[in-house]
Amino acid sequence: MKVLDLKCGQDHPFEGWFASETDFQEQMQRGLVQCPLCGDTQVDKQLSVPRLSLGAKAPRAAMAADEGSLPAAEALHEGGPATLQAAWLVLTRKIMAHTEDVGERFAEEARRMHCGEAQ
Ligand SMILES: [Zn+2]
């Protein structure tokens, strides 16, 4: 079995399972490979990327996380769902990490921001 990362003409990423590379080529020629989301048969093969799993990091989102900042919007756009998911994890962790810090001072902080002092 060969698992290929594919993308349709509408930029929908999906996986295709084939017996072999040749099998994939044949199915492509017959128009049998189509996007599960929109049915587009204009399918491109992607460079295979490592699966996103717990502990593993998606390339650009992870780099941004190491620098202590969130990934840029353009990185999210390029990266697709996996990158978005990684960014969401980063964001969640940041919120968890910072919730305690602000804690009791939150109301005061919010009030200061409201008054324009905390900018
Ligand atoms: Zn599609």
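Phe24 is buried, with a relative accessible area of 3% (buried means under 20%, exposed over 50% and partly exposed in between, with a 1.4 Å probe and protein chains only). The model is predicted, so local features need pLDDT of at least 70 and side-chain atom pairs count only at pLDDT 80 or more, while totals for chains, interfaces and linings use all residues. Residues are numbered from 1 along each chain as its sequence is written, and side-chain values use heavy atoms, with hydrogens and water left out.

**Overall make-up**

- The protein has 4 helices and 3 strands, taken as DSSP runs numbered from the N terminus (helices H or I of at least four residues, strands E of at least two).
- From the N terminus on, the order of elements is β-β-α-β-α-α-α.
- Of the 119 residues of the protein, 20% count as buried.
- Among contacts between residues at least 6 apart in sequence, 39% join residues at least 24 apart, where contact means heavy atoms within 4.5 Å.

**Aromatic pair**

- A search of the whole structure gives 1 aromatic pair.
- The ring centres of Phe18 and Phe24 lie 5.0 Å apart with the planes at 65°, so the pair is edge-to-face.
- Rings of Phe, Tyr and Trp (its six-membered ring) pair if their centres lie within 6.5 Å; planes under 30 degrees apart count as stacked, over 60 as edge-to-face and the rest as tilted.
- Phe18, like Phe24, is buried, and its relative accessible area is 4%.

**Nonpolar core**

- The largest nonpolar core has 9 residues: Leu4, Leu6, Cys8, Phe14, Phe18, Phe24, Val33, Cys35 and Val43.
- Such a core is a set of buried Ala, Val, Leu, Ile, Met, Phe, Trp, Tyr and Cys residues joined through side-chain atoms within 4.5 Å.
- S1 and S2 are the elements that give two or more residues to this core.
- Leaving aside neighbours within four places in sequence, Cys8 is in contact with Phe14, Cys35, Cys38, Asp40, Gln42 and Val43.

**Sheet**

- An open sheet is formed by 3 strands in the order S2-S1-S3, with antiparallel pairing; two strands pair if DSSP finds at least two bridges between them.
- S2 and S3 are the edge strands, each pairing on one side only.
- Strand S1 (residues 2-7) is joined to strand S2 (residues 13-18) by 6 bridges, and to strand S3 (residues 44-45) by 2 bridges.
- Lys7 stands opposite Pro13 in S2 and opposite Asp44 in S3.
- S1 and S2 form a hairpin with 5 residues between them, and Asp11 in the turn has a positive phi of about 70°.

**Zinc site**

- Cys8 (SG), His12 (ND1), Cys35 (SG) and Cys38 (SG) are the protein donors of the zinc ion, at 2.0 to 2.3 Å from it.
- Donors are N, O and S atoms within 2.8 Å of the metal (3.2 Å for Na, K and Ca); water is not among the atoms, so sites may look incomplete.
- The site is tetrahedral, with angles of 104 to 112° among its 4 donor atoms; four donors count as tetrahedral if all angles lie between 85 and 135 degrees.
- Along the chain the donors follow the spacing C-x3-H-x22-C-x2-C.
- His12 lies in the loop between S1 and S2, and Cys38 in the loop between helix H1 (21-29) and S3, so the pair ties together parts that are 26 residues apart in sequence.
- His12 counts as partly exposed at 23% relative accessibility, and Cys38 is partly exposed at 38%.

Definitions and conventions:
Four donors count as tetrahedral if all angles lie between 85 and 135 degrees; four count as square planar and six as octahedral if opposite donors are over 155 degrees apart and all others between 65 and 115; anything else is irregular.
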